[in-house]
Amino acid sequence: LAPPTRASVNRRTPLRKRWLAALAGATTLGIAALLLALNVAGLRDRIAGAGLVPARGRPQGAPLPKIESIAVLPLENLSGDPEQEYFADGMTEELITNLGKISALRVISRTSVMQYRGTKKTLPQIARELNVDAIVEGAVRRSGNRVRITANLIHAPTDRHLWADSYESDLGDVLVLQGEVARAIASEVKAKVTPDVQSRLARARPVNPEAYEAYLKGRHLEFLDNAKALEFQQRALRIDPPWAPAHAAIAVPTLFLGRPSMEPCAKARAAAGKALELDDTLSEAHSAMAF
């Protein structure tokens with residue numbers, strides 16, 4: 001006789017046994033699905049960490065670490081043009097400024113974070129040096145008048161990824177875009193944002209792309225070449241006269257170029273005063289007046 005085939009063996013298996021085996025398999029799958037859904041004892045997170053289930057953002061039900069301080073590392077320039085480095089720096093500074101409006105967060109200054117451009121240090125090491133709970137890292141890509149910002153929020157001591165998203169807009173709406181990024185980060189870390197700050201982050205007006213580009217170039221050259229910085233800010237004002245940040249940015253190079261004469265000091269004070277007249281919430285204007 002020919003040896004029995006797998007099919008013939010299956011046909012001879014009692015129906016009840018096959019039914020029980022199927023029921024047992026279905027029960028096992030059901031229990032596994034329930035455990036994953038409920039995340040019992042963090043099982044789902046451990047499976048996701050092992051690469052068996054794709055983890056997207058912060059796992060549901062995972063406790064959010066307490067975050068009261070944050071540092072924004074220099075955003076990477078992905079434009080493929082080293083000449084656009086000033087633009088990435090400007091985006092970094094704008095994000096720092098917007099997050100700095102949230103009193104519930106301690107935000108590290110631009111001067112302190114710029115030293116970490118291109119660093120090989122780990123995020124936990126950077127966090128210890130800056131004494132912060134979380135770090136924002138990301139990149140900027142500019143193509144013509146289109147801008148794309150990618151941001152990642154990391155719980156720095158544990159190097160744990162909490163949130164990531166991308167934002168894109170025309171260059172003229174980039175200030176509105178920056179406000180959206182800051183609000184998203186504040187929401188993710190559960191920082192208390194007052195209605196006044198919410199309004200300030202949301203009311204950024206569109207800006208002339210040429211004026212904004214001149215402004216960023218001027219800020220990039222501030223303290224390095226004050227004459228050139230002043231030239232760029234004056235160009236920004238010629239294009240967009242009622243724009244408060246450009247008035248504030250004129251004050252500092254004017255002051256440093258004219259020392260020790262009192263005339264440039266008066267011009268600088270007038271520029272800072274005009275910026276405050278246009279927007280009395282503008283931090284750059286208050287800083288300029290302090291100088």
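Guide: Welcome! First, a word on residue classes: Ala, Val, Leu, Ile, Met, Phe, Trp, Tyr, Cys and Pro count as nonpolar, Asp, Glu, Lys and Arg as charged, and the others, Gly among them, as polar. This is a predicted model, in which local features need pLDDT of at least 70 and side-chain atom pairs pLDDT 80 or more, while totals for chains, interfaces and linings use all residues. Residues are numbered from 1 along each chain as its sequence is written, and side-chain values use heavy atoms, leaving out hydrogens and water.

Visitor: What makes up the secondary structure of the chain?

Guide: The chain has 13 helices and 6 strands. Helices (H or I, at least four residues) and strands (E, at least two) are DSSP runs, numbered from the N terminus. Of the 291 residues in the chain, 41% count as buried.

Visitor: Why is H4 called roughly perpendicular to H9?

Guide: Helix H4 (residues 85–100) packs against helix H9 (residues 209–221) at an angle of about 90°, and their axes are 9 Å apart. That angle makes H4 roughly perpendicular to H9, because angles under 35 degrees count as roughly parallel, over 145 as roughly antiparallel, 65 to 115 as roughly perpendicular and the rest as oblique. The axes are lines fitted to C-alpha atoms, for helices over the stretch in contact, and angles run from 0 to 180 degrees between N-to-C directions.

Visitor: Which residues of H4 and H9 make the contact?

Guide: H4 brings Tyr86, Phe87, Asp89, Gly90, Met91, Glu93 and Glu94, while H9 brings Tyr212, Glu213, Leu216, Lys217, Arg219 and His220. Contact here means heavy atoms within 4.5 Å. By class, 5 of these residues are nonpolar, 2 polar and 6 charged.

Visitor: How do you know whether Glu93 is buried or exposed?

Guide: Glu93 has a relative accessible area of 18%. Buried means under 20%, exposed over 50%, and partly exposed in between (1.4 Å probe, protein chains only), so Glu93 is buried. Glu93 sits in helix H4. Leaving aside neighbours within four places in sequence, Glu93 is in contact with Arg110 and Arg219.

Visitor: What makes a space a cavity, and what makes it a pocket?

Guide: Both are found on a 1 Å grid over the protein atoms alone: a cavity is a set of points where a 1.4 Å probe fits but cannot get out, a pocket is an open set with protein on both sides within 12 Å along at least five of seven lines, and lining residues have an atom within 4 Å of a point. Grid points are joined across faces, edges and corners, and a volume is the space filled by probe spheres set on the points. The whole structure holds 2 cavities of 30 Å³ or more.

Visitor: Which residues line the largest cavity?

Guide: Its lining consists of Gly90, Glu93, Glu94, Thr97, Tyr215, Leu216, Arg219 and Glu284, around a volume of about 60 Å³. H4 gives the most, with 4 residues. By class, this lining has 2 nonpolar, 2 polar and 4 charged residues.

Visitor: Which residues line the second largest cavity?

Guide: There you find Tyr86, Asp89, Gly90, Glu93, Arg110, Leu216, Arg219 and His220. H4 and H9 are the elements that give two or more residues to this lining. The volume of the second largest cavity is about 40 Å³.

Visitor: Which residues are closest to the centre of the largest pocket?

Guide: The largest pocket has a volume of about 590 Å³, and among its 22 lining residues Glu93, Arg110, Arg219, Glu222 and Phe223 are closest to the centre. The lining divides into 9 nonpolar, 7 polar and 6 charged residues.

Visitor: Which residues lie nearest the centre of the second largest pocket?

Guide: Ala204, Arg205, Pro245, Asp279 and Leu282 do, out of 22 lining residues. This pocket holds about 470 Å³ of space. H4 provides the largest share of its lining, 3 residues.

Visitor: Why does Asn131 count as exposed?

Guide: Its relative accessibility is 57%, so Asn131 falls in the exposed class, which needs over 50%. Asn131 lies in the loop between helix H6 (123–130) and strand E4 (134–143). Most residues other than glycine have a negative phi. Asn131, not a glycine, has a positive phi of about 60°.

Visitor: Why does Asp159 count as partly exposed?

Guide: At 45% relative accessibility, Asp159 counts as partly exposed. Asp159 belongs to the loop between strand E5 (146–155) and strand E6 (160–170), and its phi is positive, about 60°, although it is not a glycine.
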